[in-house]
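This report concerns one protein structure, shown below with its sequence. Please keep both in view while reading.

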Amino acid sequence: MQNSPVRMRRLRKSDSMRRLVKGVNLSVDNFVYPLFVCPGKGIKKPIKSMTNCFHFSPDKIVDETKEVFDLGIPAILLFGLPEKKDSKGSHAYDDNGTVQQAIRNIKKAMPGLLVITDVCLCAYTDTGHCGLIKDGKVDNDITCEILAKIALSHAKAGADMVAPSDMMDGRVGVIRKSLDENGFIDMAIMSYSAKYASAFYGPFRDAADSAPAFGDRKTYQMDIAASAKQAMKEIELDIAEGADIVMIKPALPYLDIISQAKQRFDVPIAAYNVSGEYMMINTAAQQGVFDRQSAIIETLIAIKRAGADIIITYFAKELAAKKFKL
Ligand code: PBG
């Protein structure tokens with residue numbers, strides 16, 4: 001008698017059966033929602049390059065974060081715009097800066113919402129670079145000292161976690177030391193560990209007004225064609241320096257890196273579904289290329305399946321709000 005074929009379709013027979021055996025679950029619990037804070041009062045202004053994203057002033061952002069928290073999203077990631085840029089990016093570590101004001105307002109209204117802050121200089125320097133310039137180059141060690149000042153200033157304002165996104169060598173260690181010395185031993189660090197010099201940040205640079213005035217970010221962000229081993233080394237170093245969570249960014253073009261990092265390291269892995277990935281879906285859907293909701297879910301499932309424990313995504317709010325079938 002001939003063997004009957006292995007019938008894989010048995011487990012795909014109905015919606016309930018597919019649900020029963022599915023291996024990947026998206027949950028609002030693992031979403032981080034990025035938000036942009038600008039100087040001023042009473043401002044909620046659409047960001048042209050990013051559909052459904054806004055610049056909020058530190059007073060107006062409170063209502064937005066209330067909504068986000070009520071929807072069940074546990075954490076936000078804050079990006080700031082300064083009143084004015086200078087060569088030292090000094091607004092970034094001003095205790096009364098836009099981000100610092102926003103942190104205080106948000107934590108006062110909602111102590112339970114996790115406030116994560118992006119720690120970088122590109123939106124604050126007049127060169128648009130993520131570090132300070134010395135002899136025409138982005139200087140690593142001077143920048144690390146400034147980053148530690150920024151992180152400390154965010155900690156003093158009440159942030160729960162800092163996320164350095166500059167890609168200087170050794171900055172996680174310098175930030176950890178400074179936080180510890182100043183009593184912030186409980187402050188977590190989510191490091192942008194494997195961050196690539198990617199084309200997919202285009203819409204964000206418009207939103208944060210942070211495009212470099214000269215050159216590019218290739219001397220500090222990772223080469224798009226670097227070996228996976230280089231990414232593992234970056235992550236390993238950040239963990240050794242004290243990173244509590246490590247991040248891979250962007251997400252979709254680097255799913256292999258997410259997957260390898262998940263297998264290799266024990267700390268939570270975050271993936272940043274960046275602005276270009278977000279707008280790729282929005283613009284394609286707008287042109288009728290595919291069903292928007294299905295494309296969003298499929299994308300986020302792919303990121304989760306690759307191994308991301310945490311997904312930072314501009315889709316978080318609408319996913320939570322519309323109660324898409326996650
Ligand atoms: C700052 C920073 C960038 C992003 C997050 N932090 C831009 C960059 O490195 O140029 C990109 C986020 C996005 O595209 O959604 N260094």
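The account below covers helix packing, aromatic pairs, salt bridges and a surface patch.

The model is predicted: local features need pLDDT of at least 70, side-chain atom pairs count only at pLDDT 80 or more, and totals for chains, interfaces and linings use all residues. Residues are numbered from 1 along each chain as its sequence is written, and side-chain values use heavy atoms, with hydrogens and water left out.

Helices (H or I, at least four residues) and strands (E, at least two) are DSSP runs, numbered from the N terminus. Helix H8 spans residues 255-264, and Ile257, Ile258 and Ala261 are buried in this helix. These three residues lie on the same side of H8, because they cover an arc of only 100 degrees around the axis; the arc is that of the directions from the helix axis to the C-beta atoms. An α-helix has 3.6 residues a turn, so residues three or four places apart point the same way. Buried means under 20% relative accessible area, exposed over 50%, and partly exposed in between (1.4 Å probe, protein chains only). The buried residues of H8 pack against helix H7 (228-241), strand E10 (245-249), strand E11 (269-273) and helix H10 (292-306), contact being heavy atoms within 4.5 Å.

**Aromatic pairs**

Rings of Phe, Tyr and Trp (its six-membered ring) pair if their centres lie within 6.5 Å; planes under 30 degrees apart count as stacked, over 60 as edge-to-face and the rest as tilted. The whole structure holds 10 aromatic pairs. One of them is stacked, because the rings of Tyr196 and Tyr254 have their centres 3.8 Å apart and their planes at 5 degrees. This pair links distant parts of the chain, 58 residues apart: Tyr196 is in the loop between strand E9 (188-195) and helix H6 (202-207), and Tyr254 is in the loop between E10 and H8. Both Tyr196 and Tyr254 are buried.

Tyr278 and Phe315 form a tilted pair, at 4.8 Å centre to centre and 55 degrees between the planes. Tyr278 lies in helix H9 (residues 275-286) and Phe315 in the loop between strand E12 (310-313) and helix H11 (316-321), so the pair ties together parts that are 37 residues apart in sequence. Tyr278 and Phe315 are both buried. They also belong to one aromatic cluster, whose members include Phe36, Phe79, Tyr192 and Tyr314.

**Salt bridges**

A salt bridge is a side-chain nitrogen of Lys or Arg within 4 Å of a carboxyl oxygen of Asp or Glu. The search of the whole structure finds 12 of them, including those tabulated here.

| Asp166 | Arg171 | 3.2 Å |

Asp166 and Arg171 are both buried. Asp180 and Arg176 lie in helix H5 (residues 171-181), four residues apart, about one turn of the helix. Asp180 is partly exposed, with a relative accessible area of 34%, whereas Arg176 is buried at 12%. Glu236 counts as partly exposed at 37% relative accessibility, and Arg264 is partly exposed at 48%.
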